[in-house]
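This report walks through a backbone detail, a ligand site and a few loop residues. Please keep the sequence and the model open while reading.

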Amino acid sequence: MERVKRLLAGARRLAVLTGAGISAESGVPTFRGPQGLWRNYRPEEIACMEAFLRDPVLVWEWYLERKKGIRAVEPNKAHHLLSRWEADRREAERGDFTLITQNVDGLHGRAGSKNILELHGNIWVTRCLACERQARDESLSYPELPPRCSCGGQVRPHIVWFGEMLDPEVLQASWDAAEGCDLFFVIGTSALVYPAASLPRVALEAGAAVVEINPEPTAFSDAATVSLRMKAVEFAEAMG
Ligand code: NAD
Ligand code: ZN
């Protein structure tokens with residue numbers, strides 16, 4: 001912890017990558033583990049275009065249930081710590097800060113983070129299959145499923161599904177942040193899902209120190225400059 005505090009105090013350009021683990025203590029389950037199953041489906045069987053084309057109602061029912069679950073929880077101390085890092089740096093006009101997240105739950109935004117790169121999209125945004133129009137959408141129910149766009153097209157969640165490409169601009173900005181930072185945190189991600197999982201290595205190879213926060217060892221742990229076997233909230237509390 002002392003080493004991490006020293007690294008943080010000396011960092012000019014800071015970047016953070018978060019995954020499902022940072023929201024776990026808010027009560028949003030990660031995908032791996034028994035809580036990841038829903039009606040006996042694995043996320044890979046629901047969160048993909050094939051599933052949506054076959055049964056859009058089923059896919060929407062899953063997302064509506066997830067939206068209700070997320071609406072009912074609050075950002076935790078770890079989300080708040082990251083929004084404070086950003087605000088402190090902005091106020092001090094010192095260095096810069098980029099938050100990259102694989103999460104779609106919007107909890108970083110609710111905690112006050114501003115500069116967020118959402119690699120996998122956002123569950124509170126929809127997109128029309130026909131005209132691509134995006135809209136902020138807080139609805140927890142619809143008169144019919146799937147919901148329809150004003151153009152008549154079917155509407156889907158604005159989420160990067162299994163088998164889909166990441167938004168190239170968001171990915172490029174994340175890559176630039178990883179390459180250009182001098183300190184990179186990776187919090188609550190199993191470092192298995194590419195290309196997001198490459199970002200800590202990109203940072204390391206560009207000469208940054210990389211700090212990993214995860215209660216379990218990951219494929220990246222051995223390479224990390226510092227790897228703390230801690231839960232995200234425990235880390236936030238230890239940072240004070
Ligand atoms: P993952 O489910 O593969 O891994 C979660 C990681 O978090 C694991 O390494 C686990 O050890 C760690 N973890 C568990 N509890 C933790 C805690 N309290 N503090 C810190 N770390 C903890 O998640 P992933 O790597 O992010 O990949 C799955 C993909 O599924 C994501 O990319 C995301 O798009 C999506 N997803 C999003 C949410 C969300 O928005 N909250 C939730 C589940 C899945
Ligand atoms: Zn449309």
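## Backbone at Glu132

Glu132 sits in the loop between β4 (121-128) and β5. Strands (E, at least two residues) and helices (H or I, at least four) are DSSP runs, numbered from the N terminus. Phi of Glu132 is near 70 degrees, a positive value in a residue other than glycine.

## Basis of the model

This is a predicted model: local features need pLDDT of at least 70, side-chain atom pairs count only at pLDDT 80 or more, and totals for chains, interfaces and linings use all residues. Residues are numbered from 1 along each chain as its sequence is written, chains are lettered from A and ligands numbered from 1 in the order in which they are written, and side-chain values use heavy atoms, with hydrogens and water left out.

## Two cis peptide bonds

The peptide bond from Leu145 to Pro146 is cis, with omega near -5 degrees. Pro146 belongs to the loop between β5 (134-136) and β6 (155-159).

The bond from Tyr194 to Pro195 is also cis. Its omega is near 5 degrees. Pro195 lies in the loop between β7 (183-187) and α9 (199-205).

## Ligand 1 and its shell

Around ligand 1 there are 26 residues, counted when one of their heavy atoms lies within 4 Å. Arg32, Gln102, Asp105, His120 and Asn214 come nearest. By class, the shell has 9 nonpolar, 11 polar and 6 charged residues. Here Ala, Val, Leu, Ile, Met, Phe, Trp, Tyr, Cys and Pro count as nonpolar, Asp, Glu, Lys and Arg as charged, and the others, Gly among them, as polar. Helix α2 (residues 20-24) gives the most to this shell, with 4 residues.

Which atoms of the protein meet ligand 1? A side-chain N or O atom of Asp105 is 2.7 Å from a ligand nitrogen. A backbone N or O atom of Ala20 lies 2.9 Å from a ligand oxygen. A backbone N or O atom of Ala232 lies 2.9 Å from a ligand nitrogen. Taken alone, ligand 1 exposes 850 Å², and the protein buries 91% of that (Shrake-Rupley method, 1.4 Å probe).

## Asn103

Asn103 is in the loop between β2 (96-101) and α7 (107-110). Is Asn103 buried or exposed? Asn103 is buried, with a relative accessible area of 6%; buried means under 20% (1.4 Å probe, protein chains only).

The Asn103 side chain reaches the backbone nitrogen of Ala20 at 2.9 Å. The backbone of Ala20 also meets ligand 1. A further polar contact links the side chains of Asn103 and Ser23, at 3.5 Å. Such a contact is a pair of N or O atoms within 3.5 Å; within protein, one must be able to donate a hydrogen and the other to accept it, and residues adjacent in sequence count only if both atoms are side-chain atoms.

Notes:
Buried < 20%, exposed > 50% of the residue type's maximum accessible area, 1.4 Å probe, protein only.
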